[in-house]
Amino acid sequence: MAKVTLKGFIEVPGGDLDGVQAELNTHRQLTLEEPGCITFKVTQDKTDPCRFDVYEEFIDRKAFEEHQQRVASSDWGKLTRNVKRHYEVFE
């Protein structure tokens, strides 16, 4: 099976920024502990504090989809429901 890579960024509404920043380390830790996660990076942009660059790699499509399912029902998923996502996924 092919590795899955997600690249892109999110735009966080200003009113949600404090919550996203507070929860990001927990989200990162939980993701890195998932079976099949190779790398997971979310970096706040230096010039636009509401933009976060995202880079993820998973060993295969199954691991990536399991990650997506976990996130959807997590605190992070609820907190970021208003976030605009701009991603590309490669296999």
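Predicted model: local features only at pLDDT ≥ 70, side-chain atom pairs only at ≥ 80, totals over all residues.
Residues are numbered from 1 along each chain as its sequence is written. Local features need pLDDT of at least 70, side-chain atom pairs count only at pLDDT 80 or more, totals for chains, interfaces and linings use all residues, and side-chain values use heavy atoms, without hydrogens and water.

**Exercise 1.** State which order the secondary structure elements follow from the N terminus.

*Solution.* Helices (H or I, at least four residues) and strands (E, at least two) are DSSP runs, numbered from the N terminus. The protein has three helices and four strands. Their order is β-α-β-β-α-α-β.

**Exercise 2.** Describe how α1 packs with α2.

*Solution.* Axes are lines fitted to C-alpha atoms, for helices over the stretch in contact, and angles run from 0 to 180 degrees between N-to-C directions. On this basis, α1 (residues 17-32) and α2 pack at about 145°, their axes lying 11 Å apart. Next, the contacts (heavy atoms within 4.5 Å) join His-27, Leu-30 and Thr-31 of α1 to His-67, Arg-70 and Val-71 of α2.

**Exercise 3.** Determine how much space lies in the largest pocket and which residues are closest to its centre.

*Solution.* On a 1 Å grid over the protein atoms alone, probed at 1.4 Å, a pocket is an open set of points with protein on both sides within 12 Å along at least five of seven lines; lining residues have an atom within 4 Å of a point. A volume is the space filled by probe spheres set on the points, which are joined across faces, edges and corners. The largest pocket holds about 170 Å³. Of its 13 lining residues, His-27, Glu-56, Trp-76, Arg-85 and Tyr-87 are closest to the centre. Finally, α2 gives the most to this lining, with three residues.
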